[in-house]
Amino acid sequence: MLSIEKFRQARDVLNGTLLDTHLISSPYFSKISGNSIYLKPENMQLTGAYKVRGASYKISTLTQEERERGLVTASAGNHAQGVAYAAKTFGCRAVIVMPTTTPLVKVNNTRDLGAEVILHGSGFDDAAALAAELAERDGLTFVHPFNDLDVATGQGTIAYEIFKDLPDVDCILVPIGGGGLAAGVSTLTKLLNPGVKVIGVEPTGAASMKAAVAAGEPVTLDKAETIADGVAVRTVGDKVLPYIMQNVDDIITIDDSELVEAFLDVMERHKMIVENAGLLTIAALKHLPFQGKNVVPVLSGGNMDVITIASLVQHGLFDRGRIFTFSVLLPDRPGELLRVAEIIAKEQGNIIKLDHNQFVSINRATAVELTVTLEAFGHDHKETILKALRKQGYDPKLEPATGLYD
């Protein structure tokens, strides 16, 4: 069972070995949400995510014989690094099965911690099936990423730190994948102060916990499609589900497009990299049905590869009108390119790149296609630039951003 005695034991085991990720006050998110927001930055934790808490406590509860057999687990990345780190600390062999879609940074970090990595399957469920097979075949000790009460107990120690930094907390937001984090944090929260609300947050494309709570038992989704790979779980844990049903007050679902905006906000306002799963709680701030409360969103991790970061930045800037692309047909005569550039410069647009194609038509009046990507201050500024071009007789056509949402 998840009990106060177990939570205290986990706190004592982890004390001094992991980081106490102190709360960060956020004036920006407080302003836009109408609540007082304090970020819990588990993206700054050792291994870059909260998962090392549960893995470390779980391994501490194993017998010497169980450790000597070696450990095996399945993970999209953060639990993998947590187990690898804890196994190294305890001197255990660790075999980690990761989906083939796992970001390279998570794979390399896990290997760097001394674990043996096997890439298998297109998602967590495929990886978990192979990990269970290896545990049976090779006698390895299986450390489940979320459906384990000792693991959930370790994750729950986050609540101790929140109460220490903010005794009058009113609401804690936690991302939900398989349910270990939500079960641990919500149960300890209610044990410490039943009046504090705990709200879980899931991606709309992988809302397996919301389905499970509605059904009263785990439900297997046909698919889990979300850019938040850390919570792309089709079936939640049956061992942790009862605790979530009892202690989580509500579950909010978030569309992937909102995570793009949240990423840009956290990076620009707090100079932090937070992975998509951890951004669920930031996106949820705009959906809270109350104001004037002390709210703590748990930022569960920050392990994101550079390619994904670049893509999120690009799409975030496009979504906000701070970068846009237009095409326009020009007469094939000297000075037309300069004329367009002067219009843009007068309106304080900053050209990032352009393509000048003279071979789109044999009609000299509209023979050149000019495609321009600009930096602007936002959607209003973008419309001002386009209006100025139209006023000078041009007919600019907006082009879509390329990448995730096309």
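**View 1. A polar contact at serine 26.** The side chains of serine 26 and histidine 270 are joined by a polar contact of 2.8 Å. Like every view that follows, this one comes from a predicted model. To find serine 26, look in the loop that links strand S1 (24-25) and helix H2 (27-33). Serine 26 has a relative accessible area of 0%, so it counts as buried. Setting aside neighbours within four places in sequence, the residues in contact with serine 26 are Ile37, Leu39 and His270.

**View 2. An aromatic pair at tyrosine 28 and phenylalanine 29.** Searching the whole structure turns up 3 aromatic pairs. One of them is formed by tyrosine 28 and phenylalanine 29, in an edge-to-face arrangement with 5.2 Å centre to centre and 70 degrees between the planes.

**View 3. Arginine 11 and the ring of tyrosine 160.** Here a charged side chain meets an aromatic face: arginine 11 lies over tyrosine 160, 4.4 Å from the ring centre.

**View 4. Helix H3 and its surroundings.** Helix H3 spans residues 51-61 and is mostly covered, with 9 of its 11 residues buried. The buried stretch takes in Lys51, Val52, Arg53, Gly54, Ala55, Ser56, Tyr57, Lys58 and Ile59. What do these buried residues of H3 pack against? Their helical partners are H1, helix H4 (64-68), helix H5 (78-90) and H8, and they also pack against strand S2 (36-41) and strand S3 (71-74).

**View 5. The largest nonpolar core.** In soluble globular proteins, nonpolar side chains tend to be buried together. In this model the largest nonpolar core holds 34 residues, and those touching the most other members are Ile158, Ile162, Val169, Ile172, Val174, Val185 and Met209. Elements that contribute two or more residues to this core are helices H1 (4-14), H8 (149-165), H9 (180-192), H10 (208-215) and H11 (241-247), together with strands S7 (171-175) and S10 (294-299). Which of them gives the most? That is H8, with 6 residues. A second, separate core has 32 residues, including Ile254, Ala262, Ile282 and Val295.

**View 6. Isoleucine 172 and its contacts.** Apart from neighbours within four places in sequence, isoleucine 172 is in contact with Ile162, Val185, Thr189, Val196, Lys197, Val198, Ile199, Val296 and Val298.

**View 7. Lysine 190 in helix H9.** Lysine 190 belongs to helix H9. Is this lysine buried or exposed? With a relative accessible area of 15%, lysine 190 falls under the 20% cut-off and so counts as buried. Leaving out neighbours within four places in sequence, lysine 190 is in contact with Val196, Lys197, Val198, Asn247 and Asp249.

**View 8. A parallel sheet of four strands.** This open sheet has 4 strands in the order S5-S4-S3-S6, and their pairing is parallel. Strand S5 (116-119) and strand S6 (141-142) stand at the edges; each has a single partner strand, so one side of each lacks a neighbour in the sheet. Strand S4 (residues 94-98) runs parallel to S5, and 4 bridges join the two.

Methods. Residues are numbered from 1 along each chain as its sequence is written. This is a predicted model: local features need pLDDT of at least 70, side-chain atom pairs count only at pLDDT 80 or more; totals for chains, interfaces and linings use all residues. Side-chain values use heavy atoms; hydrogens and water are left out. A nonpolar core is a set of buried Ala, Val, Leu, Ile, Met, Phe, Trp, Tyr and Cys residues joined through side-chain atoms within 4.5 Å. Buried means under 20% relative accessible area, exposed over 50%, partly exposed in between (1.4 Å probe, protein chains only). Contact means heavy atoms within 4.5 Å. Rings of Phe, Tyr and Trp (its six-membered ring) pair if their centres lie within 6.5 Å; planes under 30 degrees apart count as stacked, over 60 as edge-to-face and the rest as tilted. A charge sits over a ring if NZ of Lys or CZ of Arg is within 6 Å of the ring centre and within 35 degrees of the ring normal. A polar contact is a pair of N or O atoms within 3.5 Å; within protein, one must be able to donate a hydrogen and the other to accept it, and residues adjacent in sequence count only if both atoms are side-chain atoms. Two strands pair if DSSP finds at least two bridges between them.
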